[in-house]
Amino acid sequence: MKKEIVRIKTEFIKLDSLLKFSGVCETGSQAKEMILSGLVKVNGEKCLMRGKKIRNKDKVYIDEAMLELEVKDDNKNT
């Protein structure tokens, strides 16, 4: 599985926005479809909430792309 670190400058990013920001999806509708299809897990749990707040150190897994995204807050020393 490929792993990528996604750096954000805010306290959190919504799940659908993370998928677009990281380049996994090109549009919000693609992100929504991927999430509602059950292809996305947050910290190992299937997540169907596209507005789920993803925070520092959360891990998002996209089964279809064999990809793990780990969020790092640039404002913290982690």
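Predicted model: local features only at pLDDT ≥ 70, side-chain atom pairs only at ≥ 80, totals over all residues.
Residues are numbered from 1 along each chain as its sequence is written, and side-chain values rest on heavy atoms, with hydrogens and water left out.

Secondary structure was assigned from DSSP runs numbered from the N terminus, with helices (H or I) of at least four residues and strands (E) of at least two. Strands were taken to pair if DSSP finds at least two bridges between them. In general, the strands of a sheet pair through backbone hydrogen bonds, either parallel or antiparallel. In this model, five strands form an open sheet in the order 1-7-6-3-4, with mixed pairing; its edges are strand 1 (2-8) and strand 4, each of which pairs on one side only. Strand 3 (residues 40-42) runs antiparallel to strand 4, to which two bridges join it, and Val-42 stands opposite Glu-45 of strand 4. Strand 3 also pairs with strand 6 in the antiparallel sense, over three bridges, and here the bridge partner of Val-42 is Val-60.

Strand 6 (residues 59-62) has a covered face made up of Val-60 and Ile-62, and an uncovered one with Lys-59 and Tyr-61. Four bridges join strand 6 to strand 7 (residues 67-73) in an antiparallel arrangement, in which Ile-62 stands opposite Leu-67. The two strands form a hairpin with four residues between them, and Met-66 in the turn has a positive phi of about 50°.

Salt bridges were defined by a side-chain nitrogen of Lys or Arg within 4 Å of a carboxyl oxygen of Asp or Glu, and a search of the whole structure finds seven of them. One of these joins Asp-16 to Arg-50, with the closest N and O atoms 3.6 Å apart. This pair links distant parts of the chain, since Asp-16 belongs to helix 1 (residues 15-21) and Arg-50 to the loop between strand 4 (45-46) and strand 5 (53-55), 34 residues apart. Accessibility was classed as buried under 20% relative accessible area, exposed over 50% and partly exposed in between (1.4 Å probe, protein chains only). Asp-16 counts as buried at 15%, whereas Arg-50 is partly exposed at 39%.

A further salt bridge connects Glu-68 with Lys-59, the closest N and O atoms being 3.9 Å apart; Glu-68 is buried at 12% relative accessibility, while Lys-59 is partly exposed at 26%. Glu-70 and Lys-72 also form a salt bridge, at 3.8 Å between the closest N and O atoms, and both residues are buried. Through salt bridges that share partners, Lys-3, Glu-70 and Lys-72 are joined into one network.

The charged end of Lys-53 sits over the ring of Phe-12, 4.6 Å from its centre, under the criterion that NZ of Lys or CZ of Arg is within 6 Å of the ring centre and within 35 degrees of the ring normal.

Thr-27 lies in the loop between helix 1 and helix 2 (28-36) and counts as partly exposed at 32% relative accessibility. The side chain of Thr-27 reaches the backbone nitrogen of Gln-30 at 3.1 Å, a polar contact being a pair of N or O atoms within 3.5 Å in which, within protein, one must be able to donate a hydrogen and the other to accept it, while residues adjacent in sequence count only if both atoms are side-chain atoms. Thr-27 and Ser-17 are ten residues apart in sequence, and their C-alpha atoms are 9.2 Å apart in space.
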